[in-house]
Amino acid sequence: MYDVEVGLDPAFTVGTVDPRLYGSFVEHMGRCVYGGIFEPDHPTADEHGFRGDVADLVRELGVTVIRYPGGNFVSGYRWEDGVGPVADRPRRLDLAWRSLEPNTVGTDEFCRWARGVGVDPIMAVNLGTRGVDAAVDLLEYTNFAPGSTSTADRRVANGHKDAHGVTTWCLGNEMDGLWQIGHKTADEYGRLAAETARAMRRADPDLELVACGSSNSGMPTFGSWERTVLEHTYDLVDHISLHAYFEPVGGDVDSFLASSEEMRRMITAIAATADHVGAVRRSGKRLTISFDEWNVWYQHRFSGQDTLERNENAPLIEDVYDVTDAVVVGDLLMALLDHCDRVSIACQAQLVNVIAPIMTQAGGPAWRQTIFHPFALTARHARGTVLRTAVRTAQLPTQRYGDVPATRVSAVQDPETGALTLLAANRNRTEPARLTVPLRAFGERLRLVEHLAIAETDPSATNTAEHPDRVVPRPANGTVLDGDQTLTATLPPSSWHLIRLGN
Ligand code: AHR
């Protein structure tokens with residue numbers, strides 16, 4: 001057992017949580033759209049063919065925004081293929097995943113579904129094989145009022161009178177990656193992104209635009225890519241994107257449990273890079289980060305896009321997550337919260353079946369993977385103001401990141417009710433932690449509402465169609481808030497926690 005002491009004061013804050021931190025991502029890839037959110041023959045399907053059981057789980061997950069339609073897919077996508085009478089839509093080769101895209105679901109269907117499950121769509125435009133024209137046309141089609149332009153009236157003629165009202169747009173996807181259809185150098189992409197942004201802003205000055213940052217921190221151009229791209233786009237965009245996927249490389253689980261250290265470093269480095277470009281320009285503007293793809297992804301099990309057989313929506317990268325993965329996902333969410341002053345959007349990739357918190361069987365059930373639970377609990381309760389935490393804890397040696405805190409703790413307070421949510425991850429695989437949090441600084445008496453933990457004696461336990469609730473958050477034993485307003489709790493090895501305190 002080792003001790004973790006947390007210093008916390010409501011006067012010392014990081015910032016306000018943008019609800020878009022609880023975003024997700026739907027790509028036309030594998031069984032995310034077809035067989036995921038959309039399955040017309042499923043017993044729970046609605047009149048538009050979307051699964052009702054999946055929609056219920058999406059609502060329960062608490063997702064606020066969903067990025068669409070890719071991902072690598074968007075870089076070869078012709079959005080016009082996905083609108084109009086379904087019978088007339090072409091079947092196209094999707095070069096990103098070597099799939100056949102039937103175009104049964106497109107912009108109108110996705111936006112209507114997203115609104116129906118209570119989320120705001122975030123759209124990405126194709127800056128791989130296309131450019132300014134297609135982006136502005138899509139913007140007009142999606143957002144313009146009936147009668148304003150012929151492109152907007154195409155939407156109306158297609159049965160969607162109301163504009164979809166998409167306010168946030170991604171200028172391409174992972175354009176730094178050699179695997180990207182239409183990959184570009186930073187200068188080439190920066191120029192195209194700037195011209196696309198300028199044109200889109202002429203059509204609608206109030207949009208929020210995201211420029212592509214690095215695909216991961218291992219890219220040879222990490223940092224310099226962002227600098228060059230922002231030299232072209234700084235005044236025209238609001239956010240720079242980051243992507244990161246984590247796995248136990250070479251079986252190194254200790255480093256894997258500390259994955260959020262890497263996410264934290266990425267955020268700090270790219271915020272500094274953006275600020276450098278701003279400083280050189282003497283700009284008063286401060287960009288934020290859209291961490292619009294993040295998750296655990298066992299990439300070593302995926303041999304790469306080039307090896308894929310041409311397929312028709314065959315399953316792709318359907319990772320089954322265990323308890324350790326859930327602890328890592330919970331810890332990654334804490335990293336995003338702790339940087340809420342610089343991260344305004346984050347999208348867990350993806351939503352259904354493809355490296356996803358929700359899994360489905362064709363014609364059968366939908367269920368929650370282990371990683372569903374930390375996301376749902378955090379999205380529901382970690383709203384409001386993130387507080388600064390001073391954490392005294394043992395260090396954990398890792399091969400990848402050196403010595404890291406063995407336990408991480410984050411704190412979020414609801415400014416209206418004063419309710420306090422503590423999140424904690426014990427990354428030590430063998431030793432429990434004794435957590436102590438003095439809460440006298442909060443003035444009013446707090447009371448312990450609940451302490452839920454993802455903590456199993458078998459860290460490899462998973463949820464499956466047959467045993468969908470093998471891993472769930474369970475009430476923790478022995479947590480006490482004493483008369484002195486000091487909270488004490490035990491955090492078992494490799495565990496994630498949500499502790500709620502109210503007035
Ligand atoms: O989410 C899977 C893929 O990962 C996305 O299409 C791409 O953007 C990233 O490389």
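Visitor: Which residues surround the ligand?

Guide: A residue is near a molecule if one of its heavy atoms lies within 4 Å of it. Here the ligand is surrounded by F25, E27, G71, N72, W97, N173, E174, Y245, E293, W297 and Q350. Keep in mind that this is a predicted model: local features need pLDDT of at least 70, side-chain atom pairs count only at pLDDT 80 or more, and totals for chains, interfaces and linings use all residues. Residues are numbered from 1 along each chain as its sequence is written, and side-chain values use heavy atoms, with hydrogens and water left out.

Visitor: How many residues of the shell are nonpolar, polar and charged?

Guide: Ala, Val, Leu, Ile, Met, Phe, Trp, Tyr, Cys and Pro count as nonpolar; Asp, Glu, Lys and Arg as charged; the others, Gly among them, as polar. The shell has four nonpolar, four polar and three charged residues.

Visitor: Which polar backbone atom is 2.9 Å from an oxygen atom of the ligand?

Guide: A polar contact is a pair of N or O atoms within 3.5 Å; within protein, one must be able to donate a hydrogen and the other to accept it, and residues adjacent in sequence count only if both atoms are side-chain atoms. The backbone atom belongs to N72. Side chains take part too. An N or O atom of the N173 side chain is 3.0 Å from a ligand oxygen. For Y245, a polar side-chain atom lies 2.9 Å from an oxygen atom of the ligand.

Visitor: How much of the ligand's accessible area does the protein cover?

Guide: Accessible areas come from the Shrake-Rupley method with a 1.4 Å probe; for residues, only the protein chains shown count as cover. On its own the ligand has 290 Å², and the protein covers 95% of that.

Visitor: Is R201 buried or exposed?

Guide: Buried means under 20% relative accessible area, exposed over 50%, partly exposed in between (1.4 Å probe, protein chains only). R201 has 17% relative accessibility, so R201 counts as buried. Its side chain reaches the backbone oxygen of L236 at 2.9 Å. A polar atom of that R201 side chain also lies 3.4 Å from the backbone oxygen of P205.

Visitor: Where are the cis peptide bonds?

Guide: Look at the omega angle. Another joins A349 and Q350, with omega about -5°. Q350 is also one of the residues around the ligand.

Visitor: What is the phi of N353?

Guide: N353 has a positive phi of about 65°, although it is not a glycine. N353 is buried, at 0% relative accessible area. I355 has a positive phi of about 35° and is not a glycine either. I355 is buried too, at 0%.
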